[in-house]
Amino acid sequence: MKRLIFSALLLFFLCVSGGYAQTKHDRNVERYKSSWDRLIPRYAKLQFAGSMGFLSAGVGWDYGRSKHWETDVLLGFVPAFKHDDTKVTLTLKQNYMPWKIHFSQKFMFEPLACGIYINTIFSDNFWARTPIKYPSNKYYSFSTRIRTHVFLGERITLNFDPEKRKSDSLSFFYELSTNDLYFISAVSNRYIKLKDILSLSFGLKLQFL
Amino acid sequence: MQKTLKNDIVFVVFFIRLRGFMVMRYFMKEKIGKIALWGVLGAVSLLLPACDLIEYHPYDVRVKSQKINRRNIERIESAFRDSDTIRFVLMGDSQRWYDETEACVSHINKRNDVDFVIHGGDISDFGMPKEFEWVRDIMSNLKVPYVAVIGNHDIIGNGAEVFEKMYGEENYSFIAGKTKFLCMNTNALEFDYSHPVPNFEFIYSELNDTVSYDKTVAVMHTRPEDEQFNNNVKLPFHELMKRFPNLQFCLHAHNHSTQITDVFDDGVIYYGCACMKKRSYLYFVLTPEGYSYEEVDF
């Protein structure tokens with residue numbers, strides 16, 4: 001809003017004082033545009049399974065020196081099953097890839113891709129907070145709707161030929177993840193082993209910016 | 001040139017671990033490679049749902065349909081058809097106490113004076129299919145048959161559907177010896193009025209037959225006057241229970257401690273077992289003369 005008022009004022013001065021103001025205005029517009037430009041997604045992702053839906057698709061942004069960090073927003077779905085109808089899920093995912101190994105111009109390998117994702121499911125059957133019908137808000141001390149997952153995985157990236165390319169690169173990744181409720185079940189019981197709480201997923205990332 | 005070749009070899013070694021050598025060879029041949037990669041991914045995504053590690057959502061109900069109650073009731077009804085003494089265990093609230101539930105199962109297995117086991121509900125803690133599977137795997141080690149009633153924690157999320165697939169109907173009955181065990185869903189707080197809890201239609205239909213058994217035991221997860229019970233109908237519910245032939249007592253779980261309560265001051269006792277965390281269960285013996293019970297710590 002402030003920016004808008006500022007631009008309007010600038011426009012006013014532009015009429016009054018000619019050339020000088022125009023260049024300053026141009027610079028501001030440029031800065032304004034480039035700050036919005038940063039919001040343009042830099043890649044698209046498709047992920048199969050991983051306790052966030054059957055298939056999830058979305059976009060994301062990579063940043064930091066050497067692009068070690070990535071943030072994705074994914075929309076997924078859990079297919080209908082008997083009485084249970086199709087449900088939509090939304091995932092916010094933070095990735096960290098500490099190492100990038102360039103084998104050749106064409107192939108790049110990331111031996112570790114790890115991070116955290118928060119998933120929510122859209123359905124009246126699930127709640128984020130204990131509904132008011134219960135005698136206390138601690139009646140169930142957890143949320144059925146919002147799950148926090150942690151994951152570890154690896155990635156392999158194929159860089160496209162710069163001459164012929166339509167997009168920059170295609171990565172294939174796999175991940176092993178677990179969520180908060182599985183984790184607390186496992187830490188409090190010897191019976192629950194690591195393999196019992198892991199969830200495997202696969203995905204593709206298409207970099208276009 | 002040499003260096004790229006060397007790098008590619010290192011890459012191949014890494015990739016063998018990921019996808020296998022064949023795919024790699026195709027992958028390197030550009031166009032065919034792309035087709036092969038998509039082919040492999042397609043095949044993987046088609047084959048993997050069968051794999052245990054693939055999960056679409058923690059509450060996804062894609063679990064094996066087993067109807068454990070139905071199968072075990074057949075075992076109980078045929079094995080004890082002519083017995084006039086029935087000995088059983090009431091355990092409950094396994095929730096997140098898997099180690100304790102395992103200890104309970106092995107403790108019961110060591111005895112040879114148990115005909116069957118009743119799990120009083122709250123099989124799971126969060127209502128997630130995986131929890132049902134863990135408890136099912138532990139309980140399947142029991143040498144004697146068991147039945148389970150649905151608890152309030154087993155309804156959370158898609159739990160009720162998981163219970164239905166794994167154990168069967170939420171209201172059911174069986175006859176062991178000459179005793180009818182009437183098992184009901186009483187977790188009214190988990191439902192809206194669209195779902196009748198307790199289900200009087202079921203209770204009335206069970207009352208149609210009062211001749212093929214001598215005694216009755218009512219089994220539920222949560223008893224009248226608990227916060228989960230529909231206490232607006234606690235009296236009619238109790239009166240209906242008393243209409244069953246020779247009602248011995250009512251059984252419940254839910255309150256995480258051993259409870260012996262004459263809820264309506266009329267001599268009909270509601271026996272509640274402790275949760276698995278307390279490492280305790282109730283042991284009942286029904287004889288033609290009457291019944292006895294015992295609290296067992298393990």
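**Notebook: chains A and B**

I began with the contacts inside chain B, and I found that residues 24 or more positions apart account for 72% of those with a separation of 6 or more, where two residues are in contact if their C-beta atoms, placed from the backbone, lie within 7 Å.

I note that this is a predicted model, in which local features need pLDDT of at least 70 and side-chain atom pairs count only at pLDDT 80 or more, while totals for chains, interfaces and linings use all residues. Residues are numbered from 1 along each chain as its sequence is written, and chains are lettered from A, with ligands numbered from 1, in the order in which they are written.

Of its 298 residues, 44% count as buried, that is, with 20 or more other C-beta atoms within 10 Å of their own, the C-beta atoms being placed from the backbone.

I then turned to chain A, where 26% of the 209 residues count as buried. Among its contacts between residues at least 6 apart in sequence, 50% join residues at least 24 apart. I found four helices and nine strands there, and from the N terminus the order reads α-α-β-β-β-β-β-β-β-β-α-α-β.

Next I followed the partners of strand β6 (residues 107-122) of chain A, which pairs with strand β4 (residues 87-96) of chain A in the antiparallel sense over nine bridges; strands pair if DSSP finds at least two bridges between them. In this pairing A:Leu92 stands opposite A:Ile118. Strand β5 (residues 101-102) of chain A also pairs with β6(A) in the antiparallel sense, over two bridges, with A:Ile101 opposite A:Phe109, and I noted that β5(A) and β6(A) form a hairpin with four residues between them. Twelve bridges join β6(A) to strand β7 (residues 146-159) of chain A, again antiparallel, and in β7(A) the bridge partner of A:Ala113 is A:Gly153.

Last, I looked at where the chains meet, a contact that takes 36 residues from chain B and 39 residues from chain A. On the side of chain B that touches chain A, the elements giving two or more residues are α1 (2-18), α3 (30-47), α5 (98-110) and α6 (129-139) of chain B, and α1(B) gives the largest share, eight residues. By class I recorded 19 nonpolar, six polar and eleven charged residues on that side, with Ala, Val, Leu, Ile, Met, Phe, Trp, Tyr, Cys and Pro as nonpolar, Asp, Glu, Lys and Arg as charged, and the others, Gly among them, as polar.

How values were computed:
Buried ≥ 20, exposed ≤ 12 C-beta atoms within 10 Å, placed from the backbone.
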